[in-house]
Amino acid sequence: MANDQADNQTVNNNGVSLYHFSKNIFLLSLLFLLIFSAWYGMVRLDRQAFSFEKVSPELIFSANQEVQIRTPFDVAYVNPEPGQALMAGTAIRTGAQSFVEVKLDNNVVRLDQNTEVRLLESRFQSPADEPRLVFQLLSGSVWVNAFHPIAVRSDQAEACFGHGVGVYTYTEPLNRVMSIVGYADLTLFRPNGQTLSRFVIPLKSQVTFTDSQLIPDYARLEYSKLKKELKMTPVSQSILNEPWVQRNVKDDALIFLAENHYIFSSGSYRYNIFLSTLREDLTFIPYKKRLERLSRARFTLSYLLGGVHRDGDMEEAETLLSVFDSLVSEQEGDPALRDLMERQFYAIRNVETDTPAYAVKEDLRNHLFSKDAPVFLRTYLTDADFLMRIGETKQAESVSKDWLAQWKPGIRKAHSDEFSQQARIFHSLLLSYADDVSWPLLAILDEAGDYRLELAGNADETLFEIAMERLDMSKYLVAHYRYLDARNYLQTSYESLHLAQKETYAAAREIFLEDAALLADRIAFAQKTLRGAARPINEKDFADYLSVQERDKTLEERFLTFLEETRVQEEEAELPTLDNVSQRFTLARIVVLDEDIKPDPDFPFQFTIEEGRLLDRAKDGSPITFSARYDYTNNGVYNILLNDEPLKGNYALDDFVRIAIAGAAAKETTPEESIVNLVDFLNLTESEETERSQVTAQDLAVQLTINELAQFNIVVPSAQQVSVLNPVKLNEYRIVAAIIADPVTKRVLKVDFDYHSGTKMISNIRLVDLPIDFGGSALGAAEFIPSVFRVVVGQEKEAAVLKDVVSRLGQQKVTVDQNDLRLNAGQTQATFSKARVKSMPIEFSGVYDIGRNLLLTAQHPLLTAENAGISDYISDLALLFVIDYLKGKGITVYEENIVTALPADKVRIIDYVRGSKILDFTYDVTSNRLTDISLQGTDAHVDSMTFQEFSLLEGGEPPAEEVEEETAEEGIAEEETENMEMP
């Protein structure tokens with residue numbers, strides 16, 4: 001027993017020892033795992049760069065594209081590989097129908113066909129206002145989708161596209177720059193490279209100019225004058241509809257921020273934060289600690305824009321932004337952190353305001369913005385453009401308000417030029433959305449104008465520019481049928497700009513009154529006849545309306561009378577309540593619950609109406625519901641959704657009810673067409689400056705092309721004879737009835753052709769009065785006239801020779817079309833095809849020797865010959881044809897059976913043996929029948945029968961391949977056959 005207890009005690013002690021040993025092994029293993037994980041994480045993090053940007057741009061194109069490059073180390077252009085990295089100094093060019101991309105992170109520069117550029121600079125890191133990529137455009141057109149600022153320059157100009165989309169087209173000497181999204185900063189240069197002037201191109205606007213027009217006087221021009229000189233206009237819809245533009249828009253829609261470094265899992269985020277914190281705790285090197293804090297800031301942003309944004313968790317976003325702000329405050333002034341924030345800020349692009357991503361963007365903007373870097377505020381305007389584009393007007397109002405609030409008095413004063421540029425961008429933005437622009441947005445525009453007047457160095461010029469902007473806004477409202485809003489905006493503009501002070505601002509006041517009076521006439525007419533309906537003005541009815549008005553009033557009297565007649569008495573002392581609004585809708589027989597009336601906290605006379613319902617039904621008996629913005633001041637509604645369908649225009653409440661019941665929803669129209677209709681009454685002066693400002697880009701390009709062709713002695717009498725084939729690049733034209741003359745013979749021709757002004761090549765050539773074919777040949781403009789006359793004279797001589805050949809062959813019973821003849825270089829031989837033997841269905845080809853009048857070669861499946869006389873060949877061929885054809889019909893004949901001289905349309909066959917009978921007959925080639933059939937030794941005779949009927953004589957079988965329908969004539973022939981007495 002004692003021994004057993006001792007043994008048990010030993011076992012227990014061993015078990016305890018084994019337990020402790022196993023526990024120690026487990027703890028050591030766990031510690032080793034943690035250390036290894038930390039080490040692995042440290043190594044992994046140490047290898048991760050803090051920048052996700054590639055160093056060099058890549059050339060992206062498909063294998064079938066015609067693309068060539070020339071690096072600084074190449075003496076000639078070479079064929080690149082798709083995806084090839086590009087270094088600064090590399091030139092790129094594309095061929096016809098070829099399109100390529102130069103891509104760097106989310107920056108994309110696309111080259112159109114027949115375009116040549118040179119990459120001048122490729123910066124790995126650059127300040128926010130410096131371009132990351134700089135291209136020289138030698139010729140052609142480039143589409144820029146700029147994530148970082150990207151500059152494109154020609155000989156005397158440079159356009160920097162700031163975080164948006166634009167196009168630069170250069171066909172020497174014509175420049176055109178278009179801003180599609182965002183804005184473009186244009187710098188004009190003197191011939192020596194010094195800066196001449198700077199100009200901002202707002203979104204959806206374009207400028208057009210030539211190199212030669214950039215004279216030193218441009219340095220003294222104010223913005224309003226420079227806008228006319230550069231012919232700034234809205235980008236036309238025809239341009240936006242071009243296939244190349246549409247293709248780029250479609251490709252841009254596929255571009256997303258590269259998300260391979262975003263964190264979508266909360267577990268992955270916490271794991272990375274843990275490793276980074278552990279790594280910082282395990283090192284005593286300040287540089288390494290700094291990197292770990294940067295890593296945590298990057299991980300936080302990656303998770304905010306990954307999982308948090310995906311889930312739409314605003315509460316989590318606020319918590320993590322607080323963590324991020326703490327990390328920023330610990331590393332204030334660190335250039336690596338600023339670089340991280342700046343790159344991530346621009347990477348977010350455009351998102352709606354009620355998302356975590358926008359909260360991140362706003363937080364980063366607050367960190368990056370300073371009184372010395374107001375360029376960051378332009379991104380507010382890009383955001384507002386995006387929000388208006390997707391129909392989020394309320395969010396756009398909020399973003400626009402934030403933009404203006406950031407411009408504190410001190411910052412405005414220190415950067416007055418930049419503020420004016422951004423205000424111009426904002427004005428152009430609102431013009432682009434005249435259908436949906438709200439009064440709060442117009443109020444922000446007006447407030448920005450007031451600030452510009454306060455800062456103005458030249459008060460008269462600034463007032464003139466702002467007055468013209470207000471007029472433009474009113475014109476656009478009229479063009480989009482918002483007559484009520486246009487009336488109110490004209491009135492508020494006239495009063496807020498204090499234009500009634502006659503002793504000052506004479507130019508601005510005079511022009512404003514002149515245009516405003518004409519607008520007032522149109523608005524008054526629309527209000528009286530259309531009653532707010534979103535329809536264009538009938539110009540004939542409007543002319544009749546004007547004819548009955550008193551025309552002897554001054555401009556000011558007309559306009560002031562209009563204001564007095566339409567002035568709305570505002571309730572100055574008392575703001576409207578929900579009950580006031582509800583009462584107005586009740587009087588109009590509209591039911592709106594109080595909870596569906598949303599006041600605008602920033603604009604107390606503006607309300608959003610949700611779920612409104614008319615007491616009356618539509619004419620078809622259906623109920624009527626709507627949502628809209630309501631302006632208490634003028635008792636009108638706009639931004640209307642009527643039964644979930646947009647209704648354009650703005651309406652007095654009673655007019656809206658009438659239109660809704662009638663179901664007269666406005667049809668979609670193209671605003672540009674309406675804007676064009678305004679030209680007749682808005683072009684008031686005939687000065688040379690005004691005429692120049694109205695010349696379109698295409699008009700200028702056409703005139704340059706006519707002048708250019710004249711240098712090659714190609715006369716185009718009228719611009720009406722020139723059509724622009726490529727309105728984007730303005731380098732391809734169709735010219736009709738141009739006049740050219742042979743300098744030797746003085747012979748004059750009219751010719752149509754396509755002209756490429758970049759390559760100076762002429763193609764698709766067609767003579768107006770002569771049927772001479774130039775094929776697909778393309779000629780240089782300098783060689784065009786001698787080449788055309790050389791071809792004309794040569795083809796005329798060739799045509800005469802071919803005509804003679806046709807005549808010669810015809811005399812020998814061979815017909816051939818002149819188009820099926822081709823002369824050799826010496827014009828001694830003619831190759832022919834589809835030569836036909838007269839009177840027989842035979843075609844053959846070969847080569848005819850003109851001098852010797854014989855066939856060098858002749859080919860037909862039945863007979864091939866060389867150096868043969870024409871008559872001999874066709875006689876032999878006709879004989880073989882008759883024997884072969886009859887054999888195919890079951891009738892075997894030999895040369896001795898044929899007694900007719902061939903070729904002939906009737907062939908006599910004698911002594912044809914069929915069984916015990918001998919027959920004579922004629923093969924009628926034309927009717928493809930057998931005629932004059934007789935049986936030798938008897939009087940039996942048949943006038944005509946088919947091959948099928950002939951085969952049935954003596955009970956024969958018809959040819960297997962021949963099945964013909966019996967006709968009345970065949971029936972008669974069959975009856976005659978039955979009556980033929982055969983011995």
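Here is a short chat about salt bridges in this predicted model.

The model is predicted, so local features need pLDDT of at least 70 and side-chain atom pairs count only at pLDDT 80 or more, while totals for chains, interfaces and linings use all residues. Residues are numbered from 1 along each chain as its sequence is written, and side-chain values use heavy atoms, with hydrogens and water left out.

Reader: How many salt bridges does the count come to?
Author: Side chains of opposite charge can pair when their charged atoms come close. Here a salt bridge means a side-chain nitrogen of Lys or Arg within 4 Å of a carboxyl oxygen of Asp or Glu. By this rule, the count is 34.

Reader: Is Asp-385 buried or exposed?
Author: Buried means under 20% relative accessible area, exposed over 50%, and partly exposed in between (1.4 Å probe, protein chains only). Lys-204, at 28%, counts as partly exposed. Asp-385 has a relative accessible area of 1%, so Asp-385 is buried.

Reader: What is the N to O distance between Arg-279 and Glu-292?
Author: Arg-279 is in helix 5 (residues 266–282) and Glu-292 in helix 6 (residues 286–311). Both Arg-279 and Glu-292 are buried. Their side chains meet in a salt bridge, N to O, at 2.4 Å.

Note on methods. Helix = DSSP H or I, 4+ residues; strand = E, 2+ residues; numbered from the N terminus.
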